[in-house]
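Here are some friendly notes to read alongside the model. Please keep the viewer open as you go through them.

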Amino acid sequence: MKQILISLSLLFAAVVANAQEPVQTTKQILNEAYALAAKEDKKVFIMFHASWCGWCHKMDKSMNDESCKKFFDDNFVIRHLVVNESPDKKHLENPGAEDLKNLYHGTGQGIPFWLIFDKDGKLLSDSKIRKKGEGPEVGENSGCPASEVEVDFFISVLKKTTSLNKDELEIIEKQFRKNEM
């Protein structure tokens, strides 16, 4: 009996130790990001992604490449919101993330889908490429920029939302163009 109790106690301890932290809500993530952005005088870069998404991983890999990671870190508080997970991983999704994506016209746009806000939560840009004069509800998601058109668009967004110089933008451009290869 004593061995059974010890075994059950050990099993319970293992379960508790392996218990996952609850997934943060979108509101919690945004509030923390805006506060940090205000403190550090940065913009907020939100990327909607999923564990299975290869292009999402390419976007992360490109932004975190040693050649340009500092440029993103110096200009943005970067946060991820999990959406579109497979049925067995729905528990990873951030409550409210899909609603936020839809609010900013990301419905049906695929992932990664990204948004850039100022420290006060004002939308500055998103990942949709539009023709001149088109509204926010139209456009095509650039996702993880790879093609010349997508990367040119991404660089234009970075020009208007950061203080990155020409040389830094060229480094980012070269890194992201590798995604097409």
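Predicted model: local features only at pLDDT ≥ 70, side-chain atom pairs only at ≥ 80, totals over all residues.

1. Let's start with the cysteines. With sulfur atoms 2.4 Å apart, Cys53 and Cys56 form a disulfide, and the count for the structure comes to one disulfide. As a reminder, a disulfide is a covalent bond between the sulfur atoms of two cysteines. Are Cys53 and Cys56 buried or exposed? Both Cys53 and Cys56 are buried.

2. The torsion about the S-S bond of Cys53 and Cys56 is about 80°, so the disulfide is right-handed. Cys144, by contrast, is in no disulfide. The nearest cysteine sulfur to Cys144 belongs to Cys56, 8.5 Å away, whereas a disulfide needs the sulfur atoms within 2.5 Å. Cys144 counts as buried because its relative accessibility is 4%. Cys68 has a relative accessibility of 1%, so Cys68 is buried as well.

3. Now for the aromatic rings, where the count comes to 11 aromatic pairs. Take Phe45 and Trp114: their ring centres are 5.5 Å apart and their planes meet at 25°, so this pair is stacked. The pair links distant parts of the chain, with Phe45 in strand 1 (residues 43-49) and Trp114 in strand 3 (residues 113-117), 69 residues apart. Phe45 and Trp114 are both buried.

4. Which residues do ring pairs link into a cluster with Phe45 and Trp114? The cluster also takes in Phe72, Phe76, Phe153, Phe154 and Phe176.

5. Two lysines deserve a look from the ring side. Lys58 has its charged end over the ring of Trp55, 4.2 Å from the ring centre. Lys101 places its charged end over the ring of Phe113, 5.9 Å from the centre.

6. Helix 6 (residues 148-161) passes a simple length check. At 1.5 Å a residue, its 14 residues should span 20 Å, and the end C-alpha atoms are 20 Å apart, which agrees. Buried residues in helix 6 include Phe153 and Phe154, both of which belong to the aromatic cluster. Also buried in this helix are Glu150, Val151, Ile155, Val157, Leu158 and Thr161.

7. Finally, find Thr25 in the loop between helix 1 (2-18) and helix 2 (26-40). Its relative accessible area is 28%, so Thr25 is partly exposed. Thr25 and Ala97 are 72 residues apart in sequence, yet their C-alpha atoms are 7.7 Å apart in space.

Note on methods
Residues numbered from 1 in each chain as written. Heavy atoms only, no water. Helix = DSSP H or I, 4+ residues; strand = E, 2+ residues; numbered from the N terminus. Expected span 1.5 Å × (residues − 1). Buried < 20%, exposed > 50% of the residue type's maximum accessible area, 1.4 Å probe, protein only. Phe/Tyr/Trp six-rings, centres within 6.5 Å; stacked < 30°, edge-to-face > 60°. Lys NZ or Arg CZ within 6 Å of the ring centre and 35° of its normal.
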